[in-house]
Amino acid sequence: MKAKLEFNLPDEEFEFRCISDGIKWYTAVWSMDNWLRDKIKHAGVNEADETIKAFELCRRMLEEKMENNGLYFNNY
């Protein structure tokens, strides 16, 4: 199976960039999720509860936004 995308450049430059930079977006979001996970997992005793809760909230919001757009890290 093959897929082919065509764009009318320069009129569809934004759409082209969205498609061609997809892996960069995936990597950036994946890195952010892992950074948040590490901050939560390795929080020290000096870490304020509010800080940890803020990291947890940010991670939940990231996951929710992804799910609302049909995006998942492990669906390939």
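Buried, for the residues in these views, means under 20% relative accessible area, exposed means over 50%, and partly exposed covers what lies in between, with a 1.4 Å probe and protein chains only. The structure is a predicted model, in which local features need pLDDT of at least 70 and side-chain atom pairs count only at pLDDT 80 or more, while totals for chains, interfaces and linings use all residues. Residues are numbered from 1 along each chain as its sequence is written, and side-chain values use heavy atoms, with hydrogens and water left out.

**View 1. The ring pair of Phe-7 and Phe-16 is one of 3 aromatic pairs found in a search of the whole structure.** The ring centres of Phe-7 and Phe-16 lie 5.6 Å apart and the planes stand at 75°, so the pair counts as edge-to-face. Rings of Phe, Tyr and Trp (for Trp the six-membered ring) are paired if their centres lie within 6.5 Å, and planes under 30 degrees apart are called stacked, those over 60 edge-to-face, and the rest tilted. Phe-16 is partly exposed because its relative accessible area is 27%, and Phe-7 also counts as partly exposed, at 27% relative accessibility.

**View 2. Trp-35 and Phe-55 form an edge-to-face pair, because their ring planes meet at 85° with the centres 5.6 Å apart.** This pair links distant parts of the chain, since Trp-35 belongs to helix α2 and Phe-55 to helix α3, 20 residues apart. Helices (H or I, at least four residues) and strands (E, at least two) are DSSP runs, numbered from the N terminus. With a relative accessible area of 41%, Trp-35 is partly exposed, whereas Phe-55, at 15%, counts as buried.

**View 3. Asp-33, Arg-59 and Glu-63 are linked in a network of salt bridges.** A salt bridge here is a side-chain nitrogen of Lys or Arg within 4 Å of a carboxyl oxygen of Asp or Glu, and by this rule the count comes to 5. Asp-33 lies in helix α2 and counts as buried, because its relative accessibility is 7%. Leaving aside neighbours within four places in sequence, Asp-33 is in contact (heavy atoms within 4.5 Å) with Arg-59, Leu-62, Glu-63 and Phe-73. The side chains of Arg-59 and Glu-63 meet in a salt bridge, with an N to O distance of 3.9 Å, and both residues lie in helix α3, 4 residues apart, which is about one turn of the helix. Glu-63 itself counts as partly exposed, at 33% relative accessibility.

**View 4. Glu-13 and Arg-17 form a salt bridge in which the closest N and O atoms are 3.0 Å apart.** Both residues lie in helix α1 (residues 13-20), with a spacing of 4 residues, or about one turn of the helix. Glu-13 is partly exposed, with a relative accessible area of 30%, and Arg-17 likewise counts as partly exposed, at 41%.

**View 5. The side chains of Arg-37 and Asp-38 meet in a salt bridge, at 3.2 Å from N to O.** A relative accessible area of 30% makes Arg-37 partly exposed, and Asp-38 counts as partly exposed as well, at 32% relative accessibility.

**View 6. Ile-23, Tyr-26 and Trp-30 make a nonpolar surface patch of about 320 Å².** Patches are made of residues with over 30% relative accessible area and no salt bridge, like charges being joined within 9 Å and nonpolar side chains (Val, Leu, Ile, Met, Phe, Trp, Tyr) within 5 Å; accessible areas come from the Shrake-Rupley method with a 1.4 Å probe, and for residues only the protein chains shown count as cover. Tyr-26 is found in helix α2 (residues 22-41) and counts as partly exposed because its relative accessibility is 32%. Tyr-72 and Tyr-26 are 46 residues apart in sequence and 9.7 Å apart in space, C-alpha to C-alpha. Tyr-72 lies in the segment after α3 (49-68), is partly exposed at 42% relative accessibility, and, apart from its neighbours within four places in sequence, is in contact with Met-66 and Glu-67.

View 7. A disulfide is a covalent bond between the sulfur atoms of two cysteines, and the search counts a pair of cysteine sulfur atoms within 2.5 Å. Cys-18 counts as partly exposed, at 38% relative accessibility, and Cys-58 is partly exposed too, with a relative accessible area of 42%.
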